[in-house]
Amino acid sequence: MRFLDRLQPLALLALRLILGVVMIGHGYGKVFHGGLAQHVQRVSSLGLPGWWAYLSAFTEFFGGMLLIVGLLTRLVSLAMLIDMFVAIWKIHWKNGMFGKGGYELTLTLATIAFALIFLGAGPIAIDAIRGGRGGGSARPKKA
């Protein structure tokens, strides 16, 4: 099964693409078409500062784009992990894991972000082209 190690770059690419596309989808309505004002209002109604809405909307939309190309992967993944934890805590927790509006999707997205923080973007990413800063590697480098 060691031959599967050679496919790790594709696995990291898949994680980045899925997380990025899903987050862009969730952030798009918040950033465009008047959704930002509604998002600020919703975040404020949860007892959080309204300016957090800007952070979450931009993290989801623009951070999703950055993940797709593999730029600043670890930093963006950390921001998304925090975004998902706040969403679980303030919105989804009361519905349980599998109830309507439950936290199974946000927990899955948070887990992908968590993995990307530690594994980095992999070699199929702008981070890797920039010299590995933020890209990381699934395997330790040989001396």
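So, one term before we start: "buried" means under 20% relative accessible area, "exposed" means over 50%, and "partly exposed" is in between, using a 1.4 Å probe and protein chains only. What you're looking at is a predicted model, where local features need pLDDT of at least 70, side-chain atom pairs count only at pLDDT 80 or more, and totals for chains, interfaces and linings use all residues. Residues are numbered from 1 along each chain as its sequence is written, and side-chain values use heavy atoms, with hydrogens and water left out.

Okay, salt bridges. By that I mean a side-chain nitrogen of Lys or Arg within 4 Å of a carboxyl oxygen of Asp or Glu. How many does the structure hold? Three.

Take Arg2 and Asp5, whose side chains meet at 3.1 Å, N to O. Asp5 is buried, at 19% relative accessible area, while Arg2 is exposed, at 68%.

Next up, Lys30 and Glu60 pair at 2.7 Å, N to O. This one links distant parts of the chain, with Lys30 in helix α1 and Glu60 in helix α3, 30 residues apart. Helices here are DSSP runs (H or I, at least four residues), numbered from the N terminus. Glu60 is buried, at 4%, and Lys30 counts as partly exposed, at 22%.

Then there's Arg130 with Asp127, at 3.3 Å, N to O. Asp127 is buried, at 0%, whereas Arg130 is partly exposed, at 36%.

Why do such pairs turn up at all? Well, side chains of opposite charge can pair when their charged atoms come close.

How values were computed: Helix = DSSP H or I, 4+ residues; strand = E, 2+ residues; numbered from the N terminus.
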